Amino acid sequence: MSFSQMDHLSNLPDELLVTILSLLPTHIAARTSILSRIFRHLWKASPSLLFITQDFPPPHDKNFIAMADHALLHRHPSLPLLSLSLKSSSSSSSFLLDSYMPSLLAKALSLGLRHLTIEGYLNLLPFLPTIFSIQSLESLSLTSNFHFWSGQYYVFPSGFKMTFLRSLSLQLYTVEPANLSRLVSELCSLEDLYLHIYTMDRIRLSSRTIRKLELISSYQKLDTVELFLPSLESFHMRSCYSLSRLSHICGKMPLLKRALVTLDGVHAEHISAVTGLLCCISHVEELSLHVKENVVENVKYPEPILLQAGKYMPNFPNLKHLDVRLFLHERNLEAIVMIFNNCPVLESLKLIHKIPEFTLVRVSGRKKNRARGRKKKDRRSRLPHNANGNCFYAYFRNLHLEENRKEFSKLLRKKCSYKRRAQN
């Protein structure tokens, strides 16, 4: 059998071949040029380009520049560019993109670029004015592992006209809170926002168009979160490290349908922030609340996390599905019962008991080891035993039926009787 009879790939239409090549990194797609005459120039017409810089020893760095020239800088204006991704795999290879970035972005601007992704060990500050001048962008993702040591911040330009931008992802180490707030408010078509915060102690976001928000914080000193998003439908908030100063969460999200909240290192001092969070997401239909609690060793009994003394639990008129992972001692379980009583249309409830981590305390100027002799009653779950015979997991369904609601309420109320209340 001859080679021409075996080469079925070359018989495919050029449009389909270009689509296949667009799914590959550009340096891989360029290698197909040696297959046959048909593939010699096809990779240059790909509407999606992915440039990955590595530790190229000379003269391989020249090969990368030649590839970028053929695929982008010498690109014919009749070939539109839909997507461009620039990635540096290490700090030593970032110099290629640093020196080449202005010309690449300028050419992409002239080709009507729609999707731009830049990530790696890059200082993006000099390129922000050019990036925000690309009016045709529909999605933008900026990720930089470069952080300033002199107190300098990333500053987003003002007066840009990115009327088509619907998706924005930012993972930058040093961003000034007021500058970020202004950026979000000026993006008039933004619907999907992803933020990873590293050094911001307060977050204030206000937008009438955002429908999906993912907020990740890796800063232990996060203090305030304010969200005024009247069109928000999906919300994900997560703290990657133990919180030490979180004191205030507020906002207005009346159209919220789904919320996933994961908080790490929560203790009694954060109860006002947790209560504020529950109030501003009270219109949600699906709620997952995962709280990793820290209990200080000298506290006689764990304090409630979901219910602040003297405050009322907010109503959840639309909540249908609730998933809670928490240290379910008696007081926290009582808060769950109060949430249940304020959810008239709740259908399913999943409860998972999470044993907290005990924090280190100072004794005579020295750190004491984690508590070892903690009383068993302080760590045990107050959930009823499930079908497997343990009380670390409970799942209740069909709670919208009146009989099931009464049975569930009676079951959990038995677990919420304090000894001191019985004595009284």
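**Exercise 1.** Is Arg 204 buried, partly exposed or exposed, going by its relative accessibility?

*Solution.* First, a word on the model: it's predicted, so local features need pLDDT of at least 70 and side-chain atom pairs count only at pLDDT 80 or more, while totals for chains, interfaces and linings use all residues. Residues are numbered from 1 along each chain as its sequence is written, and side-chain values use heavy atoms, leaving out hydrogens and water.

Now the cut-offs: buried means under 20% relative accessible area, exposed over 50%, and partly exposed in between (1.4 Å probe, protein chains only). Arg 204 comes in at 44%, so call it partly exposed.

**Exercise 2.** Find the salt-bridge partner of Arg 204 and say what the pair ties together.

*Solution.* Look for a side-chain nitrogen of Lys or Arg within 4 Å of a carboxyl oxygen of Asp or Glu. Arg 204 sits in strand 7 (residues 202–206) and Glu 226 in strand 9 (residues 224–228), so the pair ties together parts 22 residues apart in sequence. Strands here are DSSP runs of E, at least two residues; helices are runs of H or I, at least four; both are numbered from the N terminus.

**Exercise 3.** Describe the salt bridge between Glu 330 and Arg 382.

*Solution.* Start with the distance: 3.5 Å, N to O. Last, check burial: Glu 330 and Arg 382 are both buried.
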